[in-house]
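Visitor: Hi, I've got this model up on my screen. Can you walk me through a few spots?

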Amino acid sequence: VETGSTVAARTVQVTGMTEQELTSLSPYTNYTITVTATNNAQVNATSEPSSPIMATTKIATPSPPQHIAVSTVTSSSLTVQWMPPINSNGNVKFYKVYYSSGSNAPVESAEIKNSLTYHLTGLTPYTNYSIY
């Protein structure tokens, strides 16, 4: 089993079947799979491994972005910055920043592609905003 630059092996013993579902795999990960055969001819009479096949698991929801911070604050603008998720589980297409100036105010959002920062402008001067 190959995950990134770390190589780990897992053996699944199957008796009397010609297929096996592999479970507890990580999302969006490349795996190399081989199969061996064992019979009763001798103790531990196991064949050489089959030719390897490659399989990639499907993408999944990423973990949350990390280290969210606000910087460069003026009376009507601010910059939000963050680090990528620890587990992207695929390619991150965009980030979405949500912000609001209070519990009764509408929630605004911005979609950010190819960046780990967003500059919010046109904010009401000297108003507290929640960013999430």
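Visitor: Is Tyr98 buried, partly exposed or exposed?
Guide: Tyr98 is partly exposed, because its relative accessibility is 33% (buried is under 20% relative accessible area, exposed over 50%, partly exposed in between, with a 1.4 Å probe and protein chains only). Bear in mind that this is a predicted model, where local features need pLDDT of at least 70, side-chain atom pairs count only at pLDDT 80 or more, and totals for chains, interfaces and linings use all residues. Residues are numbered from 1 along each chain as its sequence is written, and side-chain values use heavy atoms, leaving out hydrogens and water.

Visitor: OK, and how many aromatic pairs are there?
Guide: Two (rings of Phe, Tyr and Trp, the last by its six-membered ring, pair if their centres lie within 6.5 Å; planes under 30 degrees apart are stacked, over 60 edge-to-face, the rest tilted).

Visitor: How are the rings of Tyr98 and Tyr132 arranged?
Guide: They're stacked, because their planes are at 10 degrees, with the centres 6.4 Å apart.

Visitor: Which parts does that pair tie together?
Guide: Tyr98 is in strand β9 (residues 95–100) and Tyr132 in the segment after β12 (130–131), so the pair links parts 34 residues apart in sequence. Strands here are DSSP runs of E, at least two residues, numbered from the N terminus.

Visitor: New topic: which residues are closest to the centre of the largest pocket?
Guide: The largest pocket has about 1000 Å³ of space. Of its 25 lining residues, Val12, Val14, Thr34, Val35 and Thr36 are closest to the centre. A pocket is an open set of points on a 1 Å grid over the protein atoms alone, where a 1.4 Å probe fits, with protein on both sides within 12 Å along at least five of seven lines; lining residues have an atom within 4 Å of a point. Volume is the space filled by probe spheres set on the points, which are joined across faces, edges and corners.

Methods:
Helix = DSSP H or I, 4+ residues; strand = E, 2+ residues; numbered from the N terminus.
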